[in-house]
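Morning, everyone. I have one structure to show you today. Please look at the screen.

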Amino acid sequence: MEREYLLHRLHEYLAPEWVPGWFLVLGATLIGVGLVIGLVTFVGLFSIWLERKVSGHIQCRYGPMYAGGWHGWAQTIADGVKLLLKEDLIPKTADKPLFVLAPAIVLGSVFGALAALPLSYDFYFGWLDLGLFMILAMSSTTTIGVVMAGWASGSKWSLYGAMREAAQVVAYEIPFGIALLVPLMTLGTFSLVEASAAQSGWFGMKWAIFQNPFCIPALVIFFTAALAETKRAPFDLPEAESELVAGFMTEYSGIRWSFFFLEEYAAMFLMSAVTAVFFLGGFETPITAASRAALGQSHLVTQLVCAVTLVTKAFFGVFVMMWVRWTLPRIRIDQVMTMGYKYLTPLSLLCVLGAGLWETIFR
Amino acid sequence: MTDTAHKGSIQLSEESRVLPSGEREFMMDVSTADLEVNMGPQHPATHGVMRVLIRTDGELVTGAQPHLGYLHRCAEKIGESVEWLQYLPYTDRYDYLSAMNNNLGYSLAVEALMSVEIPRRATMLRTICAELNRIASHLIAFGTYGLDIGAFTPFFYAFREREWIQSLFEKICGARLTYSYIRIGGVFNDAPPGWLKEIAHFCDVFEEKWKEYYTLLIENHIFVQRTANVGVVPREMAFDFGLTGPMLRGSGVDFDLRRDLPYMIYGEIWDAGAFRIPVARGEKGTLGDCWDRTWVRVVEMMESLGIVRWCLDAIEDGPVIGEIPKVIKVPAGEAYVGIENPRGELGHYVVSDGGKVATRCRVRGPSFTNLAVLEDLLPGTLLADSIAIIGSIDIVVGETDR
């Protein structure tokens, strides 16, 4: 997007015309960075609370009920404060610089990936024509951090976790990427905003999965691979607390450990948001369409509706991930590999073929 | 990084030579060594303080050596030092998940030496408690096994019902884990009013809940994939290691002490057809795999329920403890009584010289014997399988160490 357009939008939303442009850009960048950090923190804290409530209710418990009053809403904040105040432990056998660096890489990559996530047609932190590439690249970087953490911990259990993570991510990056090609073909763009715009017809129901039937198996493959990418059950082998104690996180404690924890939930949100944008209509629902028809595309209310829609869809995906985690047992490492290489990869390739034919014949 | 941290991991040594073309050729000598890992004594999957020294080649386990003794409390020596009745609370503490059965085993062994008549109501109450305790114990086995495989939720479901059983026990004897309820000569006291009705209610509810366990975990596709064909104990191997209980029946051997060497009124109950002996048939994989053992445990819960129901129908009013003096003196002699504990044959061998204290009080624990199979089962499996195998043996460390 052109600089003029950007400045125009900034002036429209943030400040009167007399404020100099450079100040606006700087201010907007700072606000953007703050918003990303705020988003990660909010999403992380809320998801952790949500996970505890969801798991509680699935398991005939209540989950946290005390901290903060209403259904223990402040539980994660209290836990965060506790973790912050804990002693900073680094094991004697650890490789200190790498040990310290690993959580930063893990969390930083998620921040980077979330920066590329637009919240509505106008609320985004940077216009990226290849936004999806940015997200995929940044979210894959977490693997480096995890492997680094496992190696640097100087513990054999951590090493197992790291090796598992590496093997698993290599296996699942392939179907993960290929399955995404299907909606990309349907929507014809890498940009998340444009992908959403391409699904805005049919009164907000022109979702990718309704445009092309091959998007539905692709959605299943993508979501399964996303579970593996985010180390969620039934693919939580890198942590596998009953086998590897806590996998790559075994030696971590306190705030460093909480970084890994926060990353996991932020990554879940990110993957669900990508699923929502490329398969499930992005910002589009009939409500969005109605708001657009009544108030116009760039009206603040429409933009807010878009943001709320996306976050809701993403949290639905997060909920499904939690639901799966508290229902299914863990898969063994050879079964993980078999599933990734023997089933998901060929199936995703078939989906691409089918989707391509569909697009050629019916468009 | 220190040497000790990664001893056994890949070591690289680099050599290079210059080729006639001027290029340097590198030769990498990659030597891999096995990684030795201590699983335990503080490990989530060893169900207590047991240590298994595992040698692994990547994810593959190449050798395993269980180390016991972290929870040794000299139970047998204590048995030779305290009076007959005073030893009863110590029996609670070896297999703390089935304390009623331990009480029962010890009481039966001592009673075999004494000429005391056990009232019928006491026997009934003993049977009800022992079988309810078997259900509670199998619930833990099932729940924690799910946890080992990575399924959290069945654990909470199992604990929900176990909690109920525990509160029922609390009503009858005041304790939730270490009951000391079944004692020499009968039981500690009679059931409180309405207790038997509550048991009947529990049985009805449990039958419904049990179906949930079966569909949620036992027939779960991932669970079957994880446990079928894993840790296979063939029939002969089961005999060789002297396995008992669900481990033996999981290998397809139809043997249960309650039927084959009946004690108390189990012979009568068997004749009445109130329970069957579930024997694994290798439904989902090879006969004697982890799935078979878990299946046996889960099905046994329902059979125990049948026994409890039969007792509830047949129980009559009467005294609950025989003529037992304040200070028990056991006539000289020796006796061995083995009972079907949830984990297998729990044997008590007691020797008396006619005094107030036992001369010898030997315990044959099923967990200890069953655990021996581990060393043969683990090599050649994956690390995750080894957890599944340890879990399927269902040990209680309190009893392996005593």
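Predicted model: local features only at pLDDT ≥ 70, side-chain atom pairs only at ≥ 80, totals over all residues.

Start with the contact. Chain A gives 25 residues and chain B gives 30 residues. Which helices of chain A each supply at least two residues of the side that touches chain B? They are helix H6, residues 156–187, and helix H14, residues 333–362. The largest share of that side comes from H14(A), with 3 residues. What about the classes? The side of chain A that touches chain B has 11 nonpolar residues, 8 charged and 6 polar.

Now the sheet, in chain B. It is open, and 3 strands form it in the order S8-S9-S10. The pairing is antiparallel. As a reminder, strands of a sheet pair through backbone hydrogen bonds, either parallel or antiparallel.

Look at the edges. Strand S8 (333–341) and strand S10 (360–364) of chain B stand there. Each has a single partner strand, so one side of each is left without a neighbour in the sheet. How are neighbouring strands turned against each other? By 10 degrees on average, direction ignored.

Next, one pair in detail. Strand S9 of chain B, residues 344–352, is joined to S10(B) by 5 bridges. These two run antiparallel. Tyr349(B) stands opposite Arg362(B), which belongs to S10(B).

Last, what packs on this sheet? Helix H3 of chain B does, residues 99–113. H3 touches S8 and S9 of chain B. The direction of H3 makes about 150 degrees with that of S8(B).

Key: Residues numbered from 1 in each chain as written. Chains lettered and ligands numbered in written order. Contact = placed C-beta atoms within 7 Å. Helix = DSSP H or I, 4+ residues; strand = E, 2+ residues; numbered from the N terminus. Nonpolar A, V, L, I, M, F, W, Y, C, P; charged D, E, K, R; others polar. Pairing = 2+ DSSP bridges. Axes fitted to C-alpha atoms, helices over the stretch in contact; angles between N-to-C directions.
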